[in-house]
Amino acid sequence: MLECSRRLGVARGTVQARLDKLVDRGVIAGFGPDVSPAAIGFGVTSFVTLEISQRHGHDQVTRHLAAIPEVLEAHTITGSSDLLCRIVARSNTDLQRVIDQIVSYEGIRRASTIIALAEQIPYRVLPLARSAATG
């Protein structure tokens, strides 16, 4: 806060109040560390699309997925599948274990997996925020 207030030429309390407002509005989603899954032993990243039984609905499937630590995120999508998940594993053999755990839930009818070979552009928001602020 002190460094921001010095650079902006405003009081530390002003910086804190503005930051609190951004957090309250959901503009800033968190302050946690960005941990590289590969650096902690999860070198395989894949994307899995899931077709679910509509009878079970998204909520129950989402609870099942949330209990699997290797599922980093899941999104409801349009198209021929219902959910898109980003998952990580220690190896291709371990990836099979994770997929088996995912599809063990009876509400999931089909899974299709794509293994990522290399990350070309990491997840980022700052260029978008800069563009939105100047545009």
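What share of the contacts in the protein with a separation of 6 or more comes from residues 24 or more positions apart? The answer is 64%, where a contact means heavy atoms within 4.5 Å. Keep in mind that this is a predicted model, in which local features need pLDDT of at least 70, side-chain atom pairs count only at pLDDT 80 or more, and totals for chains, interfaces and linings use all residues. Residues are numbered from 1 along each chain as its sequence is written, and side-chain values use heavy atoms, with hydrogens and water left out.

**Overall build**

- The protein has five helices and four strands; helices (H or I, at least four residues) and strands (E, at least two) are DSSP runs, numbered from the N terminus.
- Starting at the N terminus, the order of these elements is α-α-β-α-β-β-α-β-α.
- The radius of gyration of the protein is 20 Å, while a compact globule of 135 residues would have one near 14 Å. This radius is taken over C-alpha atoms, and the globule rule is 2.2 Å times the number of residues to the power 0.38.
- Along the principal axes, the C-alpha atoms fill a box of roughly 55 × 35 × 30 Å.

- Of the 135 residues, 24% count as buried; buried means under 20% relative accessible area, exposed over 50%, and partly exposed in between (1.4 Å probe, protein chains only).
- The accessible surface comes to about 9,700 Å², and carbon and sulfur atoms own 54% of that. Such areas come from the Shrake-Rupley method with a 1.4 Å probe, and for residues, only the protein chains shown count as cover.

- Strand β1 covers residues 44-52. On its covered face you will find V44, S46, V48, L50 and I52, while T45, F47, T49 and E51 are on the uncovered face.
- In a regular strand, side chains alternate between the two faces of the sheet.
- β1 pairs with strand β3 (residues 83-89) in the antiparallel sense over seven bridges; two strands pair if DSSP finds at least two bridges between them. Within β3, C85 is the bridge partner of V48.
- β1 also pairs with strand β4 (residues 108-116), in the antiparallel sense over eight bridges. Here T45 stands opposite A116.

**A residue to look up: S53**

- You can find S53 in the loop between β1 and α3 (57-66).
- S53 counts as buried because its relative accessible area is 14%.
- Not counting residues up to four places away in sequence, S53 touches G107 and R109.
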